[in-house]
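Subject: Structure for your review

Hello,

Here is the structure we spoke about. Please look it over, then read the notes below.

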Amino acid sequence: MLTLPEVEAIARAAHAGQKDKAGRPYTEHLAAVAEGVRARGGSPAQIAAAWLHDSVEDGALSPQWLAAAELAPGVREMVLALSKEPGEDLESYTARILAVPGALLVKEADLAHNADPARLAVLDAPTRTRLARKYATARALLGLPDPQGPLA
């Protein structure tokens, strides 16, 4: 079975060179989500899922890799639940997250980092507004409180 440091190394290698919307190394987001899961009391399996949460959706790792990887129980299921399918509506996506044990905590940490005001501040106003609304809607569908309060 892959250890947590091995999963981290795989995720870092898979996303090497990738940038986020603000031009920062994407691995910073993965590290922040993994730390957010840890800080929220997440299990090692949830932390591993945090490192891998965008890998299949972004094409950094293939579904075949995920299916064959020797991961701790539950990690594969969480990663698949957190991988939004092309064209999938937000309601179906969030329902799948709620149905998979452990996935909600990972998504909570992901949304918290995505919606970090410091991260959003470097984006242009229309992108910032669009993403803030998207994250607030996802939090509402997942039953998570909005840390920024209601949007005006």
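**Thr94 and its surroundings**

Apart from its neighbours within four places in sequence, Thr94 is in contact with Ala138, Leu141 and Leu142. Thr94 is found in helix 6. Its relative accessibility is 3%, so Thr94 counts as buried. Ala81 is 13 residues from Thr94 in sequence, and the two C-alpha atoms are 8.6 Å apart in space. Please keep in mind throughout that this is a predicted model.

**Helix 6 against helix 7**

Helix 6 also packs on helix 7, at an angle of about 125° and with the axes 7 Å apart. The two helices are therefore oblique to each other. On the helix 6 side the contact is made by Tyr93, Ile97 and Leu98, and on the helix 7 side by Ala103, Leu104 and Lys107. By class, the residues of this contact are five nonpolar, no polar and one charged.

**Helix 7**

Helix 7 covers residues 103–114. At 1.5 Å a residue, its twelve residues should span 16 Å, and the end C-alpha atoms are 16 Å apart, which agrees.

How many of the twelve residues of helix 7 are buried? Nine are, so the helix is largely enclosed by the rest of the structure. The buried residues are Ala103, Leu105, Val106, Lys107, Ala109, Asp110, Leu111, His113 and Asn114.

What covers the buried residues of helix 7 includes helix 2 (26–39), helix 3 (44–52) and helix 5 (75–82). Helix 6 (90–99), helix 8 (117–121) and helix 9 (125–142) are also among the covering elements.

**Helix 3**

Helix 3 is mostly covered, with eight of its nine residues buried. These are Ala45, Gln46, Ile47, Ala48, Ala49, Ala50, Trp51 and Leu52. The buried residues of helix 3 pack against helix 1 (4–14), helix 2, helix 4 (63–68), helix 5 and helix 7. Two of these pairings, with helix 5 and with helix 2, are set out next.

*With helix 5.* Helix 3 and helix 5 pack at an angle of about 40°, and their axes are 9 Å apart. Helix 3 contributes Ala45, Gln46, Ala48, Ala49 and Leu52 to the contact, while helix 5 contributes Val75, Met78 and Val79. Of the residues in this contact, seven are nonpolar, one is polar and none is charged.

*With helix 2.* The axes of helix 2 and helix 3 come within 8 Å and cross at roughly 160°. That makes helix 2 roughly antiparallel to helix 3. The crossing is right-handed here too. From helix 2 the contact takes in Thr27, Leu30, Ala31, Val33, Ala34, Val37 and Arg38, and from helix 3 Gln46, Ile47, Ala50 and Trp51. By class, this contact has eight nonpolar, two polar and one charged residues.

**Thr27**

Thr27 lies in helix 2. Is Thr27 buried or exposed? With 15% relative accessibility, Thr27 counts as buried. Leaving aside neighbours within four places in sequence, Thr27 is in contact with Arg12, His15 and Trp51. Trp51 belongs to the helix 3 side of the contact between helix 2 and helix 3. His15 is twelve residues from Thr27 along the chain, and their C-alpha atoms are separated by 6.4 Å.

**Ser83**

Where does Ser83 lie? Ser83 is in the loop between helix 5 and helix 6. Ser83 has a relative accessible area of 3% and is therefore buried. Which residues is Ser83 in contact with, leaving aside its neighbours within four places in sequence? They are His53, Val56, Glu57, Glu88, Tyr93 and Arg96. Arg96 is 13 residues from Ser83 in sequence, and the C-alpha atoms of the two are 9.7 Å apart in space.

Regards

Notes
Residues numbered from 1 in each chain as written. Predicted model: local features only at pLDDT ≥ 70, side-chain atom pairs only at ≥ 80, totals over all residues. Heavy atoms only, no water. Helix = DSSP H or I, 4+ residues; strand = E, 2+ residues; numbered from the N terminus. Expected span 1.5 Å × (residues − 1). Buried < 20%, exposed > 50% of the residue type's maximum accessible area, 1.4 Å probe, protein only. Contact = heavy atoms within 4.5 Å. Axes fitted to C-alpha atoms, helices over the stretch in contact; angles between N-to-C directions. Nonpolar A, V, L, I, M, F, W, Y, C, P; charged D, E, K, R; others polar. Parallel < 35°, antiparallel > 145°, perpendicular 65-115°, else oblique. Left-handed = near helix turned anticlockwise from the far one by under 90°.
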